[in-house]
Amino acid sequence: MALKVIGVRHHSPACARLVKETIRQMKPRFILIEGPSDMNGRLDELLLGHEPPLAVFTFHQFEDHSHASWTPLCGYSPEWVGLNEGVACGADVRFMDLPAWTKSFEGVRNRYHDRRDEKRDLDGLLCQKFGVADVDSLWDHLFEQPMDLEELALRLESYFEALRGEAEASERDQPREDYMVRCLSWALAEAERSGGDVVAICGGFHAPFLSRNSRPDPALPSFPDPPRPEAGARHGSYLVPYSWKRLDSFTGYESGMPSPAFYDAVWTHGPEAAPEKLFETAVKRLRERKQPVSAADLIACFSLASALVRLRGHACMLRSDLLDGLAAGLVKDGLEAALPWTYRGVLRPRTDPMLVEIMAAFSGEKYGRLAAGTPRPPLLADVETELERCGVTLSSEPGAVALDLTEPLGREKSRVLHRLRILEIPGVQRAKGSESATGVELKETWSLRRTFETEMALIEAASWGATLEQAARARLEELLLAAEGKSSLLAEILGRAAFAGIQALSARVMDLVVASVEKETSLADLGSASSTLLSLWRHGDLYEMTGSAMIGAVLERSFERGLWLLEGLQGPAAPAVEGEIRAVASLRDLVRYGQGRIDTPAERAFGVMLRRAVDAEAPPAIRGAAIGFLWSTGGYESTGAAEVHALGGFRGVARFSSLGDFLSGLFILARDEVVRSNSLLESIDGTLSEMGPDDFLVALPSLRMAFAFFPPLEREGIARTVLEMHQGTATDSEARAFLRTQVPVEVVAEGAALELSIDKLMKQYGLEAVKA
């Protein structure tokens, strides 16, 4: 009985070759692979004849916590090779790592992520020693060249021993390694009883620990069960088709090897033949995209790459040799970004177009395919049923669907498509339609197409529910919680719920969402969101959202939060902020339209407004808005009392530059009342007439802004009233002419300022008495 621990780099052809040959030579009794142990009862699903790349997708949802993780496998993944070779030789093959729903994988999107932190110091030293620019080139230099398997195994063992050293496992890794040791201890005990060897395939960082600590443990009666998720949690694992693009580190995948097409060629054709294959692929792609590549350029590229092979002492052309040769032979201008293969992550801005296409060729365009009969989550069947029920076809050919939302079938189709849109399913896009659920646009146009990513995204969306409605609701709930009370986001998400016909959320989520409104710090944002939601709550008949308890609960808390934020606004010289004034108007509308239906008591609002109206430290616009709130909702005893308060507030403004700010607040909240109040307009006119020229010019900008809130007809009516005050009568044409000037108002103001400065200059030199 022997234990052979093979430490690997995920998605390495050299490691896959070592795994393959080791299993064929040893024919072990047990093969334990670093992978999700919750799949052990379903390993037959992985052996149905799929075409990699593919991945095991695992999801877990419990209360307000959710997590999704992938275990990707391609044709040259050591884990995939170990699984298939083990089954072929009759071994008992099992996964020996914790499920992805355990705390060890919290926040880890990819089980096979490359361990950059642990490798940084060692790799930096080795890069310097061997004169290579990056970690991927270092790995190729050390391991991906043709060599004897014994030498490869010795190099890998030495490398991973140096990588691990005496370091202890992290808080995340310790439970994983402890579980792996228990699994191996059981397998060793079984092998000791029945004969045979044990092979373990794991990430190289874990290999030294497993080799040192795994011993037969006869006390283990069976293979260790993986931990179970919390009671009531939604969880599951399914196979999903994958693609080389998703696997490639240059599109953001931070695990294993980059350039999947290149390393697949290494695995399929061998390291000596692979470079020529990819050279042909890259040239073909460049020419298809009309990039200029001459025969002389190609000769230069391959000659330069071959020279680099000899210079670097490589046994054959490696990936970095070929890429460096292509760059040297094809890129004619200076580079504005680093060579893409010298760093990890997505391509940087201003990368040379030639290099972008070359990296795409090395990435490849292969898509995995699941075998017929592969179990699928129930969501996929429900989506197909829903699409068929409402007559929507999602095919591989691009199509468009025009919907009339005034028709029941049109609304039904819209709901289904909006639910798919909430789940961010590729191939489902709304090309035209109203931005809000209360918009006047009653038609929608959708662009539809089933792509490779469609099925994969639907499988991944199964983490939110077994039916389309459940999944869309759960996704919205997740988005609402993530909004953390940001009013604009809450309004947008609840609007999306209306589009999708989702009229209720879970009580727990609604309690958290309503409570999160307390986190909003912007009165303007809160007011905008409240106006949107109030409109939907009052006029959402089309989407069956009128009087929605879900929206009503958010409006009630927004009302309380809005009053609290309003009380906190200070600054007697603070300029008018239209969004804040509009927020006071939304509070007014909540009082007007919510009475008797939701808890928005007028008495509570009146108390706040009375305090704000007389607060000398409040911004003038807020004082004006508070008076306008009370006037327009019957908060004063009479119209006369309201006019007295309005005029007193106007005269009490400390700065001439803020007079218009006060009026802006008053006009927006009590526009109708002001237009009908000739006595108030007369008093405002008298106050302005008493002002000196200097003071009037200071007040003019904010005054213009205030009167701009009136529509043209109402401005004309105000102009007629003012003319009648000064000349007794006024016609409509005179009122219209009064509003128009022969030159822009700004020029008039500049002229008045110039005249004032001339008057001052004349007084300075004693010329004020000179008459024309």
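Let me begin with the ground rules. Because the model is predicted, local features need pLDDT of at least 70 and side-chain atom pairs count only at pLDDT 80 or more, while totals for chains, interfaces and linings use all residues. Residues are numbered from 1 along each chain as its sequence is written, and side-chain values use heavy atoms, with hydrogens and water left out.

The protein chain is divided into domain 1, covering 3–250, domain 2, made of 569–673 together with 684–706, and domain 3, covering 743–772; these bounds come from an automatic or database domain assignment. Taken over C-alpha atoms, the centres of domain 1 and domain 2 are separated by 68 Å.

Let me turn to the cysteines. How many disulfides does a search of the whole structure find? The search finds 0, where a disulfide is a pair of cysteine sulfur atoms within 2.5 Å. Cysteine 15 is in no disulfide, and the nearest cysteine sulfur, that of cysteine 202, is 11 Å away. Cysteine 15 is also buried, at a relative accessible area of 1%; buried here means under 20% relative accessible area, exposed means over 50%, and partly exposed is in between, with a 1.4 Å probe and protein chains only. For cysteine 89, the closest cysteine sulfur is again in cysteine 202, at 18 Å, which is too far for a bond, and cysteine 89 is partly exposed, with a relative accessible area of 29%.

Next come the salt bridges. Side chains of opposite charge can pair when their charged atoms come close, and the cut-off used here is a side-chain nitrogen of Lys or Arg within 4 Å of a carboxyl oxygen of Asp or Glu. Over the whole structure the search finds 45 salt bridges. One of them joins glutamate 336 to arginine 350, with the closest N and O atoms 2.5 Å apart. Both residues lie in the loop between helix H12 (319–330) and helix H13 (353–363), so the pair ties together parts that are 14 residues apart in sequence. Glutamate 336 and arginine 350 are each exposed.

A second salt bridge brings together arginine 475 and glutamate 424, at 3.6 Å from N to O. This pair links distant parts of the chain, 51 residues apart, since arginine 475 is in helix H17 (residues 468–483) and glutamate 424 is in the loop between helix H15 (408–422) and strand S9 (428–432). Is arginine 475 buried or exposed? At 13% relative accessibility, arginine 475 counts as buried, whereas glutamate 424 is exposed, with a relative accessible area of 56%. Just after H15, glutamate 424 takes a positive phi of about 60 degrees.

As for H15 itself, its 15 residues should span 21 Å at 1.5 Å a residue, and its end C-alpha atoms are 21 Å apart, which agrees; the expected span is 1.5 Å times one less than the number of residues. Among the buried residues of H15 are Gly410, Val416, Leu417 and Ile422.

Glutamate 567 is partly exposed at 29%, and arginine 611 is partly exposed at 44%. Elsewhere, salt bridges that share partners join Glu34, Asp97, Arg111, Asp173 and Arg176 into one network.

On to the strands. In strand S2 (residues 30–36), 7 of the 7 residues are buried. S2 pairs in the parallel sense with strand S5 (residues 92–97) over 5 bridges, and in the parallel sense with strand S6 (residues 198–203) over 4 bridges; pairing requires that DSSP finds at least two bridges between the strands. Isoleucine 31 has valine 93 as its bridge partner in S5, and stands opposite valine 199 in S6.

I will finish with arginine 109, which is placed in the loop between S5 and helix H3 (116–130). Leaving aside neighbours within four places in sequence, arginine 109 is in contact, meaning heavy atoms within 4.5 Å, with Ala68, Ser69 and Trp70.

Key:
Helix = DSSP H or I, 4+ residues; strand = E, 2+ residues; numbered from the N terminus.
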